[in-house]
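Here is a short briefing for a reader new to this structure. The sequence and the model come first.

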Amino acid sequence: MKTAALIPAYQEERHVADVVRRTLGKADRVLVVDDGSRDGTAERAREAGAEVMSNRGNLGKGASLAVGLDALFADGIDAVVCLDADGQHDPEEIPDFIAAAENADLVIGNRMADVKDMPFARLLTNRVTSWILGRLAGVKVPDAQCGFRLIRSAAWRAANVRTRNFEFEGETIVNVGRKGFRIASVPVKTIYGDEVSKINPWRDTIRFFRMIWRLWREG
Ligand SMILES: Nc1nc2c(ncn2[C@@H]2O[C@H](COP(=O)(O)OP(=O)(O)OP(=O)(O)O)[C@@H](O)[C@H]2O)c(=O)[nH]1
Ligand SMILES: [Mg+2]
């Protein structure tokens, strides 16, 4: 199985190089998609040894993941592990995803065994949205918002994901589940440090429920 790691990054000059260095060697390729950052994100990522693609402007986390996945699968990669550029995902755990991909098409990290460091608001939204998304997808997903995940090419090609921001992860689960692909979870560490979230509680919650409404009607 040919693998790649895909790291979407927006204004992450403080963390991206460290994430890249720790990811190198864990997959056959390491690609950072810089989403129109105005800081040194792209340079830091390149210096650290990643391939870098740059969007023309800030298109969103989901749009960046879609660009990267399309490019990697077009190059013949079989499975892509996505991880955040802000240091919340430990690249040491990448082999667990690749091992689980023997029996699954979408493998999602599960932080729910260890939530003492997770901010309470996040814990709540993760639980509620995981329940809703699991219902729509037809499978139990303990941690649907986790951005640390692996997807195989057939599942990505079939999923036809349309959202471009933070709803992307949820829509992927629903579409992949509805097409009958296998979804699995692997335990991962919960890491919160000094990084600043780019989620806007109002804007991104509205986007989320707009997507849920559409998926519910389509289902
Ligand atoms: N490409 C791209 N990536 C983004 C954008 N916003 C955030 N990201 C990246 O997506 C990852 C997750 O963003 P965060 O804002 O930390 O969101 P989160 O980790 O889901 O939520 P928290 O629990 O609040 O940290 C990081 O690697 C960011 O650099 C964006 O507009 N475009
Ligand atoms: Mg984060």
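This is a predicted model: local features need pLDDT of at least 70, side-chain atom pairs count only at pLDDT 80 or more; totals for chains, interfaces and linings use all residues.

Residues are numbered from 1 along each chain as its sequence is written, and chains are lettered from A and ligands numbered from 1 in the order in which they are written.

**Overall fold**
- The protein chain has 8 helices and 7 strands; helices (H or I, at least four residues) and strands (E, at least two) are DSSP runs, numbered from the N terminus.
- Its radius of gyration, taken over C-alpha atoms, is 16 Å, close to the 17 Å from the globule rule for 219 residues, so the chain is as compact as a globular protein of that length; the rule is 2.2 Å times the number of residues to the power 0.38.
- Of the 219 residues, 46% count as buried, meaning 20 or more other C-beta atoms within 10 Å of their own, against 12 or fewer for exposed and in between for partly exposed, with C-beta atoms placed from the backbone.

**Helix α7**
- In α7 (residues 168–178), 10 of the 11 residues are buried, among them F168, I173 and V176.

**Two loop residues**
- Q11, in the loop between β1 (3–9) and α1 (16–23), has a positive phi of about 55° although it is not a glycine.
- N160, in the loop between α6 and α7, is likewise not a glycine and has a positive phi of about 50°.
- Q11 is partly exposed, with 19 other C-beta atoms within 10 Å, whereas N160 counts as exposed, with 11 C-beta neighbours inside 10 Å.
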